[in-house]
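Hi everyone, thanks for making the time.

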Amino acid sequence: MVAKLNMVNANCNAMQPFVFEPVKQVDVIAAVWVRIETLAAQEQLNKLSDAVKAKHAAVFKPIPHINELPTDVYCHIQLKDVSKTITTRTYSSPCKYKDVWATLIQQHLDAGHIRPSNSAHASPAFLVPKSDPSVLLRWVNDYRQLNANTVLDAFPLPRVDDILADCAKGSIWSKMDMTNSFFQTRVHPDDVHLTAMTTPFGLYEWLAMPMGLKNSPPIHQCRMVAALHHLIGKICHVYLDDIIIWSNSVAEHTKHIDMVMKVLADAKLHLNPDKCAFYLLEVDFLGHHLSARGIEPNSSKVDKILHWPLPKSSTNAHAFL
């Protein structure tokens, strides 16, 4: 016992006294000034953003009637077996959706997107609620049978990591979203009858490229790349209906925005003003967050993982994995 006590005492004597390091004081005044300057800069950038929408108002107008859309680009549907027809039953629809159906059909008729049909093909359509309950329901076309008989359009979508690598080079960004992007392209007259779909109010067919066709995304991507090909990878990138521009200064960014807007106007492509943001010091794009700090994961994409409840069974653990 005495030997053990002597050992403990020796170890204690050998220990160096603990020195408390002074806590670094935060310069509150400097931090406040930095925040004020940031807000002032963002206010100036917001004014520039409003000026962009006013200067390029034609690009932000609603999509015109189908008769005014370009005729040099079409949505083609090439069938594997031209003798095969599509016949399916009409999906049942809740009575509470009947008025919504009538409203949507009339809106699309007025815009020229659809017309009554007597086609031998008939794919079903149905409605699903959107995340915002104050807006009309989403019209969904069930083109699974048509897609199975359609030759795939192999035009590729760009790689997300390549887009982010280029965007990270900038220090100021603008992000744009298109208005009902698919409806800005016509269906080829020879293929319109293939798009016919059943509704509670009869059979209709699409004159504008509908959502649900497996080739709608590559066709739209092809059109966007054809319009912006000389700018893509240099000052901007496009992923389906999302466009991002990056620059290293405000003056340079203004020139880049004007270049992209001119191309969109010449190609008769329209943007949604409510989903466009210009002169951003930080931006969320394709599931990532871009800022002066570099590329970071979008917090909204990881919150579900961070707040996942603690697994209490093998089934819960499997679900988490």
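First, what counts as a hole: on a 1 Å grid over the protein atoms alone, a cavity is a set of points where a 1.4 Å probe fits but cannot get out, a pocket is an open set with protein on both sides within 12 Å along at least five of seven lines, and lining residues have an atom within 4 Å of a point. Grid points are joined across faces, edges and corners, and a volume is the space filled by probe spheres set on the points.

By that rule there is one cavity of 30 Å³ or more. Before I go on, a word on the source: this is a predicted model, where local features need pLDDT of at least 70, side-chain atom pairs count only at pLDDT 80 or more, and totals for chains, interfaces and linings use all residues. Residues are numbered from 1 along each chain as its sequence is written, and side-chain values use heavy atoms, with hydrogens and water left out.

The largest cavity comes to about 40 Å³, and its lining is His 76, Ile 77, Asn 147, Thr 150, Leu 213 and Asn 215. That splits into two nonpolar, four polar and no charged residues. For these classes, Ala, Val, Leu, Ile, Met, Phe, Trp, Tyr, Cys and Pro count as nonpolar, Asp, Glu, Lys and Arg as charged, and the others, Gly among them, as polar.

The largest pocket holds about 850 Å³ of space. It has 26 lining residues, and the closest to its centre are Lys 130, Arg 138, Asn 180, Phe 183 and Met 211. Two elements, helix 3 (98-111) and strand 4 (138-141), each give two or more residues to that lining; helices here are DSSP runs (H or I, at least four residues), as are strands (E, at least two), numbered from the N terminus. Helix 3 gives the most, four residues. By class, the lining has 13 nonpolar, eight polar and five charged residues.

The second largest pocket has about 170 Å³. Helix 6 (residues 216-228) makes the largest share of its lining, with four residues, and the classes are seven nonpolar, no polar and four charged.

What about the packing? A nonpolar core is a set of buried Ala, Val, Leu, Ile, Met, Phe, Trp, Tyr and Cys residues joined through side-chain atoms within 4.5 Å, and buried means under 20% relative accessible area, exposed over 50%, partly exposed in between (1.4 Å probe, protein chains only). The largest core has 32 residues, and among those touching the most other members are Trp 101, Trp 139 and Trp 206. Helix 3 turns up again as the top contributor to this core, with four residues. Apart from it lies another core of 26 residues, including Leu 231 and Cys 276.

Take Trp 206: beyond its neighbours within four places in sequence, it is in contact (heavy atoms within 4.5 Å) with residues including His 108, Trp 139, Phe 183 and Met 197.

Over in helix 6 sits His 220. Is His 220 buried or exposed? It's buried, at a relative accessible area of 1%. Not counting residues up to four places away in sequence, His 220 touches Met 178, Ser 181, Phe 182, Met 209, Leu 240 and Asp 241.

That's my tour; happy to take questions.
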